[in-house]
Amino acid sequence: ANADSMWSFLADGNFTVDEETQKQAQADIAEDGYWGVEQTSDRILDFAKALSGNDPEKADLLIDAFKKGFEDATKSWGKDLPDISNKTLDAANKLFDEYYKSKQSE
């Protein structure tokens with residue numbers, strides 16, 4: 001009916017998928033997978049840098065938007081997000097911190 005009900009359905013976990021789909025999903029979220037922590041946090045930082053014109057002061061707005069989006073996603077999910085989401089948040093925050101430190105030293 002709407003996006004929120006879709007997320008609630010997925011969060012409940014009361015569904016099954018075929019073996020091939022399950023294996024592909026596991027590969028996708030593995031440490032080196034496209035939706036894994038490292039690649040996803042890298043894409044988040046790259047996106048923020050591109051939107052901000054690589055200006056760290058403007059990037060603050062995007063970091064705040066990212067954090068708000070995470071909070072909104074948690075609300076839509078209806079409970080705590082899966083552990084991979086929290087790890088991605090932590091990794092993205094670390095990348096943002098490293099980005100700021102590198103810009104300050106320039």
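**Order of elements.** I read the elements of the protein chain from the N terminus on and noted the order α-α-α-α-α. My tally for this predicted model is 5 helices and 0 strands.

**Extent and burial.** I took the span of the C-alpha trace along its principal axes and recorded about 50 × 30 × 20 Å. The protein chain has 106 residues, and I noted that buried residues make up 23% of them.

**Confidence.** I looked up the mean pLDDT of the protein chain, which is 88. I also noted that 96% of its residues reach 70 or more. Helix 2 (residues 19-28) has the highest confidence, at a mean of 96, whereas helix 1 (residues 3-12) has the lowest, at 76.

**Charged surface.** I looked for a negative surface patch and found one formed by Glu31, Asp32, Glu38, Asp42 and Asp46. I then followed Asp46, which is located in helix 3 (residues 37-51). I classed Asp46 as partly exposed because its relative accessibility is 45%, and partly exposed covers the range between under 20% for buried and over 50% for exposed.

**Backbone at Asn54.** I checked phi at Asn54 and recorded a positive value of about 60 degrees, although Asn54 is not a glycine. I made the entry because most residues other than glycine have a negative phi. I placed Asn54 in the loop between helix 3 and helix 4 (56-77).

Key
Residues are numbered from 1 along each chain as its sequence is written. This is a predicted model: local features need pLDDT of at least 70, side-chain atom pairs count only at pLDDT 80 or more; totals for chains, interfaces and linings use all residues. Side-chain values use heavy atoms; hydrogens and water are left out. Patches are made of residues with over 30% relative accessible area and no salt bridge: like charges are joined within 9 Å, nonpolar side chains (Val, Leu, Ile, Met, Phe, Trp, Tyr) within 5 Å. Accessible areas come from the Shrake-Rupley method with a 1.4 Å probe; for residues, only the protein chains shown count as cover. A salt bridge is a side-chain nitrogen of Lys or Arg within 4 Å of a carboxyl oxygen of Asp or Glu. Lys and Arg count as positive and Asp and Glu as negative; His and the chain ends are not counted. The place of a charge is taken as NZ of Lys, CZ of Arg, CG of Asp or CD of Glu. Helices (H or I, at least four residues) and strands (E, at least two) are DSSP runs, numbered from the N terminus. Buried means under 20% relative accessible area, exposed over 50%, partly exposed in between (1.4 Å probe, protein chains only). pLDDT is the predictor's confidence in each residue, from 0 to 100.
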